[in-house]
Amino acid sequence: MRTTTRAGVAAAVAALVVALAAPAWAETVTSTTSFVNRFGNTVTVASTYVDGALTTQVITETAPDGTLRQQRTVEYYANGMISAYDEWRYSSVSTTHIHRDYAESGTLLVQQADLWLNGELSARSLTTYSADGMLLTQEDRILTTLADGTKVWIVTVSTYADGALVGTTTQQYPYGYDFDAPPQEEAREARPGWGYGDENHEHSGPPGHEVESRSGGRGRGNGSSASGETPVDRPGFGYGDDNHDHQGPAGQR
């Protein structure tokens, strides 16, 4: 009898050890509540909790005919601060969208505001802030119709330092321009010849080697110098130009 009791206790202890060593599974619970606001629209709030901590809230507002009027999504950090906010407001003429990203401290870092008119994106404002909440950049894109009927994007970018405006640029982009496409390196101007040492242009000739200049030193020749010919002689001082021999005396830049 005593042996059986000891065996049972040992089994219970072993089960407890295994339970404590097993990984903890996070419990996710979503609760939903609804009510009718003063406009007669139904507002539904869906709150999601993980291990008792609120992580996400989705709030929708629907008209009596079932048309979606508004939707907001709020995401939270583990410390209860908002990490992201997303809001859509719908109408038959215009639709607006606002997205905000926050630091864990609660500081606003990025805000994007969009406006659609008759189903077409017509304006966008992008704003960035520093970790201490100071304004860094503001980019405003406005779809504009020119006098000849052509649609273009007028983009104004303002840069700030310590909250003060330090510079503004305005550029025009064609209708349909993809602002989200990755930047591409601009094609360099193509020129004939080998262009030894000249990285400012693309040259059609093959790469070559340094050749002896007329003065006896090592120089960077032009296309004809690859065969050992003397570099072209040019007037002037030629400060910093190693592609030719110059008649003027050596000088400083």
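Glutamine 70 sits in strand β4, residues 68-76. Strands here are DSSP runs of E, at least two residues long, and helices are runs of H or I of at least four residues, both numbered from the N terminus. The model is predicted: local features need pLDDT of at least 70, side-chain atom pairs count only at pLDDT 80 or more, and totals for chains, interfaces and linings use all residues. Residues are numbered from 1 along each chain as its sequence is written, and side-chain values use heavy atoms, with hydrogens and water left out.

Is glutamine 70 buried or exposed? Glutamine 70 counts as buried because its relative accessibility is 9%. Buried means under 20% relative accessible area, exposed means over 50%, and partly exposed lies in between, with a 1.4 Å probe and protein chains only. Which residues touch glutamine 70, leaving aside neighbours within four places in sequence? They are Ile59, Thr60, Glu61, Glu87, Trp88, Arg89 and Tyr90. Contact means heavy atoms within 4.5 Å. The side chain of glutamine 70 also makes a polar contact of 3.2 Å with the side chain of arginine 72. A polar contact is a pair of N or O atoms within 3.5 Å; within protein, one must be able to donate a hydrogen and the other to accept it, and residues adjacent in sequence count only if both atoms are side-chain atoms.

Now follow the chain past β4. Asparagine 79 lies in the loop between β4 and β5 (82-89). Asparagine 79 counts as partly exposed because its relative accessibility is 44%. Its side chain reaches the backbone nitrogen of methionine 81 at 3.0 Å. A polar atom of the asparagine 79 side chain also lies 3.1 Å from the backbone oxygen of glutamate 104. Threonine 55 is 24 residues from asparagine 79 in sequence, and 9.9 Å from it in space, C-alpha to C-alpha.

Two strands pair if DSSP finds at least two bridges between them.

One pairing shows the pattern. β7 (residues 108-117) and β8 (residues 120-129) pair in the antiparallel sense over eight bridges. Aspartate 114 has arginine 124 in β8 as its bridge partner. Glycine 119 lies in the loop between β7 and β8. Glycine 119 is exposed because its relative accessible area is 70%. Serine 94 is 25 residues away from glycine 119 in sequence, but 7.3 Å away in space, C-alpha to C-alpha.

Aromatic rings come next. The count is six aromatic pairs. Rings of Phe, Tyr and Trp (its six-membered ring) pair if their centres lie within 6.5 Å; planes under 30 degrees apart count as stacked, over 60 as edge-to-face and the rest as tilted. Tryptophan 153 and phenylalanine 179 form an edge-to-face pair, 6.1 Å centre to centre with 90 degrees between the planes. The pair links distant parts of the chain, 26 residues apart: tryptophan 153 is in strand β10 (residues 151-161), and phenylalanine 179 is in the loop between β11 and β12 (190-191). Tryptophan 153 counts as buried because its relative accessibility is 8%, whereas phenylalanine 179, at 23%, counts as partly exposed. Trp153, Tyr173, Tyr177 and Phe179 form one aromatic cluster.
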